[in-house]
Amino acid sequence: MEERKTLNKSLKPHWVWAIALGSSIGWGAFVQPTTWMSTAGPLGVMIGFGIGALLMMIIAVSYGFLVKSFPVSGGEFAYAYVSLGRTHAFISGWFLTLGYICIVALNASAFALMLKFVFPALIENLPLYQIAGWDVYGMEIIAASVALGIFGYFNTRGTGLSGRMQFIFVSIMILGIVALTFMVGGQPGAGFSNIEPLFTTDKTAIAAIISIVAIAPWAFVGFDNVPQAAEEFNFSSKKAFSLIILAIFFAAVLYIMMIIATAMTGPWQELVAQGHQWGTGVAIQETVGTMGLIVLVVALTMGVFTGLNGFTISTSRLLFAMSRAKILPEAFSKLHPKYKTPYVGIIFTVVVSMVAPWFGREALLWVVDMSSVGVTIAYFYACYTAFSLFKTKKDSKFNKDKHTIAPWKKIIAGAGMLASVTFLALLLIPGSPAFLGIESRIALYAWILLGLIFYLAKRKEFNKIPERELNYLITGDEKIVAKNSD
């Protein structure tokens, strides 16, 4: 049996917390408030994110147990293998890879959008073409590509450096959001009175809240970066659950603070009706002035950087784990000779993400919308695996090396499965407030078809690997009893 490649244990607890929180709070918290308020109204958005955070915490119970039990790169890919075997491991990994790469690409695109708002004369240069009503500029593509290249370089130089940078970025972002909220609240004419009406008038309060709850898998995706980094913890994996819960809680608070800060600037319905490309930026600049815009831009920049950094880490680790299991080409599990990082996966993530800005922001949003489906599928697999490993009592199938007696956690894992299925239903059932648009559905079908072709091409080779060897390659333990449902 060949020797299993492993990653260096260099991540400290507060760095891992920063990876989870910073990945959850990306460009959306700073760019999307007016879009969300047009959908649900300020209170509808806040309640929606609060409920979404609670549902994510229910799902996180399963993650906490699984990270402790299987502290390996690959996360949901490894968990799906343990409970359902090879085919489901591939499905989970395939969808999750798409979700992660989309988020890396969108954060790079958001960085270019911010520069376009602040320095329009600089970025609106080298006009190329228009896609779905979005003008694509050469300078926009260059800015996004440079940002991707820089973070790819830093990630290659070691996880310790990436973790330290992430904590610094997150700290600055939190300070920026807190400062911004107080700056807006202290302005004449600004205040809580502007938050009324609390909901949109074109739909019921419940429908408004549901439309926001439906995007929770996208809004809070990032806490699941913790299992992707588990192999590199330099601390006990038992701490993972508390780090995930803290990350989700702070993410919800920061989202809500940005909604409050935006809505307090003036009558929010008027702001939404104006249809600005970056409504929050306009509102903050008009209310607080240049200093407020500077604080917002710094906080947004940190949010984008944490997303770029965190999801580059996670994507490369997922590719590494799938390559180590021989699903993907061997190149993805190669480690840098000096820094011991999966540098091929990092380079691949950066290069693929560099393609995205060429298609314009609207086209990219179609792909990102459907990537919520992929992330939700991964959530379901994690909860199902935990559900299968939690037992209400010892029975003939009880394996002391694999199972644990935890009836309440089994119920919570079941609730996590139900929450995941609910999220999927909201995204895929026609008539739902969050039903995917036709472009997003086409992108989803294309990704499924591509995955099917790839799997059929690799299946024979993948299934030839002896079970004990695959157990060892994926989990580090050849005795793990993976269910062979294939």
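Author: A residue counts as buried when its relative accessible area is under 20%, and as exposed when that area is over 50%. The model to which this is applied here is a predicted one.

Reader: Is Cys383 buried or exposed?

Author: The relative accessible area of Cys383 is 0%. Because the limit is under 20%, Cys383 is classed as buried.

Reader: Which class does Cys102 belong to, and how many disulfides does the structure contain?

Author: Cys102 has a relative accessibility of 6%, and therefore counts as buried.

Reader: How are helices α3 and α12 oriented to each other, and what classes of residue form their contact?

Author: The axes of α3 (residues 33–69) and α12 (residues 240–264) come within 8 Å and cross at roughly 175 degrees. Because angles over 145 degrees count as roughly antiparallel, α3 and α12 are roughly antiparallel. The residues of this contact divide into 26 nonpolar, three polar and no charged.

Reader: At what angle do the axes of α14 and α15 cross, and how many charged residues has their contact?

Author: The axes of α14 (residues 279–288) and α15 come within 6 Å, crossing at roughly 145 degrees. Among the residues that meet are Ile284 and Val288 in α14, and Leu293 and Leu296 in α15. By class, this contact has four nonpolar residues, five polar and, as to charged residues, none.

Reader: Which elements do the buried residues of α9 pack against?

Author: In α9 (residues 205–213), the buried residues are Ala208, Ile209, Ser211, Ile212 and Val213. Their packing partners are α3, α10 and α18.

Reader: What is the phi of Lys326, and what is that of Lys340?

Author: Most residues other than glycine have a negative phi. Lys326 lies in the loop between α15 and α16, and Lys340 lies in the loop between α15 and α16. Lys326 is partly exposed at 28%, and Lys340 is partly exposed at 38%. Phi is positive in Lys326, at about 70 degrees, and positive in Lys340, near 55 degrees.

How values were computed. Residues numbered from 1 in each chain as written. Predicted model: local features only at pLDDT ≥ 70, side-chain atom pairs only at ≥ 80, totals over all residues. Heavy atoms only, no water. Buried < 20%, exposed > 50% of the residue type's maximum accessible area, 1.4 Å probe, protein only. Axes fitted to C-alpha atoms, helices over the stretch in contact; angles between N-to-C directions. Helix = DSSP H or I, 4+ residues; strand = E, 2+ residues; numbered from the N terminus. Contact = heavy atoms within 4.5 Å. Nonpolar A, V, L, I, M, F, W, Y, C, P; charged D, E, K, R; others polar. Parallel < 35°, antiparallel > 145°, perpendicular 65-115°, else oblique.
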